[in-house]
Amino acid sequence: MVLMSSAARGPPRVSERVAHRQSIRLGRTMKLPCPVEGDPPPLIMWTKDGRNIHSGWTRFRVLQQGLRIKEVETEDAGTYICKATNGFGSVNINYTLIVIDDSSSRSGAGATNGGSEDVPELAGKLVRPRFTQPAKMRKRVIIRPVGSSVRLKCTASGNPRPDIVWLKDNRPLVEEDSRATAGGEPRKKRWTLSLKNLAPEHSGKYTCQVSNRAGEINATYKVEVIQRTNSKPILTGTHPVNTTVDYGGTTSFQCKVRSDVKPVIQWLKRVEPGDENKFNSTIEVGDHRFVVLPTGEVWSRPDGSYLNKLLITRAKEEDAGMYICLGANTMGYSFRSAYLTVLPDVKPPMIPVTTATSQGLPLPVIIGIPAGVVFILGTALLWFCQSKRTCSSSSASSAALPAAQRLPTATRDRTCPALPTPPANGDKDCVSYEDYIAHQQLLLTQGSTGIAPKVYPKIYTDIHTHTHSHVDGKVHQHQHIHYQC
């Protein structure tokens, strides 16, 4: 498994084919996919014409699956690059985006055909203009500081296609005013009016008038441009917020700062007691010591605030702790803290090796094992005793011979030689039947003056064995041998 896992790790790769040339109509929403995969998972970064796309680009949003552009404008056309990077390498996906402006093409066609561009539209039913995105027009009073920017939207539809005229304080926004307030481009035929680098003279009421042959509608925005005041930075919103990340995962903190001038945004991490020697340098703030972390680019937002992010990759246990976002300018500083929690590393479970301990054994096993041992030993001992007594019974049976076949006691004591030597096992009464017969024949051949030798042509034997088991566990075995001539 380790070899297979190591073989699978490598640089990012494109997982599917893409169309590198993309086109979109003006005002629509565009999504550029970035189908890449890799192990470890790559970090995605988008650029347009060489510039990094970040959260300050309000209509652009970097998603895990690609880049989404809302309400596409003509200046959104250009070259986009999705760059995926991990520890083994990187890969790029290039796009060329073309924005199609229908109003420009129809205007050109009308000039060529003598004003007949509305003929196809007039062939259908007349439809009064209406705003197609009213939810984005709810905020009609807009306050912005000097130097910021604002976008006023009046997207509409109708039949024939309506025209739009922008007014400032009830006066038409002439081309000179458009260039002055809208970045050098006239805004007629545009559904969105962009006001950049705001100055106090840009304050006023801006009205969009949308009309066609079927009717007219309008909407008014109030724009107020305020002077910046010299004050220390203010952290806006709720960021940074407490965050939890898996071991080895990626997360980020973000910090939004409002300041009259571009602030310095710095990230700090509190050093736990006893870990001071792990860092080259620390700073003391109050009763704690902090280490200064590398800080990325500070982005300027259209609302006049500034944004900075702290990215944490391949999170480890030592990354957990308290982080501080510090925003400072010449007038002072402000800060806000948040905590990062790193979940424990999930490793494959180890198979426990069970050891035979008396404490862990159940009661039946504790009782059963000794009982089994006693039973086996008792059976073996019983078998040994039974075999020993059988041998003794065979020797004792010789005493049961009939008197006719036995020598008288006195004579036997006088003339009978000694019995064969007892076996080495110490059983002095154990004499086999064959030894007994041989001994009897020896006595007959030796003869005696007081005994006449007798010869029996044949000996018939009848042997009976009886085994008695007593209540106390003792076992007796008796063997009866009957001889008949």
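W46 is buried, at a relative accessible area of 1% (buried means under 20%, exposed over 50%, with a 1.4 Å probe and protein chains only). Y95 is buried too, also at 1%. This is a predicted model: local features need pLDDT of at least 70, side-chain atom pairs count only at pLDDT 80 or more, and totals for chains, interfaces and linings use all residues. Residues are numbered from 1 along each chain as its sequence is written, and side-chain values use heavy atoms, without hydrogens and water.

## Aromatic pairs

The structure holds five aromatic pairs (Phe, Tyr or Trp ring centres within 6.5 Å, using the six-membered ring of Trp; planes under 30 degrees apart are stacked). W46 and Y95 are stacked, 6.2 Å centre to centre with 20 degrees between the planes. They link distant parts of the chain: W46 lies in β5 (residues 43-48), Y95 in β10 (residues 89-100), 49 residues apart. Strands are DSSP E runs of at least two residues, numbered from the N terminus.

Y333 and F335 are also stacked, because their centres are 6.5 Å apart and their planes at 25 degrees. Both are exposed. F253, W267 and Y323 form one aromatic cluster.

## Nonpolar cores

The largest nonpolar core has 22 residues (a core joins buried Ala, Val, Leu, Ile, Met, Phe, Trp, Tyr and Cys through side-chain atoms within 4.5 Å). F131, L152, C154 and W166 have the most contacts inside it. Strand β19 (215-226) is among the elements giving two or more residues. Its share is the largest, at five residues.

Another core lies apart, with 21 residues, including L32 and F60.

Technical notes
Rings of Phe, Tyr and Trp (its six-membered ring) pair if their centres lie within 6.5 Å; planes under 30 degrees apart count as stacked, over 60 as edge-to-face and the rest as tilted. Helices (H or I, at least four residues) and strands (E, at least two) are DSSP runs, numbered from the N terminus.
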